[in-house]
Amino acid sequence: RTLRDARSVTAQARFTAWLVAGLPLGAAVLAETTSPGFITGLVHNPISAYCMLAAVLLQVIALVCVRRLARPEAWL
């Protein structure tokens, strides 16, 4: 029962974390839709490519952390 209660209490936080994590991908799709070739231009510029790689890496780390923190089973 405690685990179910903990899951329900953290549901909004977990949803918000996934929503915030998806915003950069949504922005990239929107930018590519409005200006075709935008992502290709970023990837071909070395500095932009490194920044995008760092952003993706940090995003993955953040999602792993949120997923780990949101598991009530790990609290026990």
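The structure is a predicted model, in which local features need pLDDT of at least 70 and side-chain atom pairs count only at pLDDT 80 or more, whereas totals for chains, interfaces and linings use all residues. Residues are numbered from 1 along each chain as its sequence is written, and side-chain values use heavy atoms, with hydrogens and water left out.

The secondary structure comes to three helices and zero strands, where helices (H or I, at least four residues) and strands (E, at least two) are DSSP runs numbered from the N terminus; the order of elements is α-α-α. Along the principal axes, the C-alpha atoms fill a box of roughly 50 × 25 × 10 Å. Of the contacts (heavy atoms within 4.5 Å) with a separation of 6 or more, 55% join residues 24 or more positions apart. The protein exposes about 6200 Å², of which 72% is supplied by carbon and sulfur atoms, the areas coming from the Shrake-Rupley method with a 1.4 Å probe.

A pocket is taken, on a 1 Å grid over the protein atoms alone, as an open set of points where a 1.4 Å probe fits, with protein on both sides within 12 Å along at least five of seven lines, and lining residues have an atom within 4 Å of a point. The largest pocket has a volume of about 340 Å³ and is lined by 13 residues, of which P24, L25, A28, A55 and V56 lie nearest its centre. Helix 1 (2-34), helix 2 (38-44) and helix 3 (46-69) each give two or more residues to this lining, and the largest share, six residues, comes from helix 1.

Q59 lies in helix 3 and, at 27% relative accessibility, counts as partly exposed. Residues up to four places away in sequence aside, Q59 touches V20, A21 and P24. W18, found in helix 1, is likewise partly exposed, at 48% relative accessibility; its C-alpha atom is separated by 16 Å from that of S8, 10 residues apart along the chain.

Terms used. Grid points are joined across faces, edges and corners, and a volume is the space filled by probe spheres set on the points. Buried means under 20% relative accessible area, exposed over 50%, partly exposed in between (1.4 Å probe, protein chains only).
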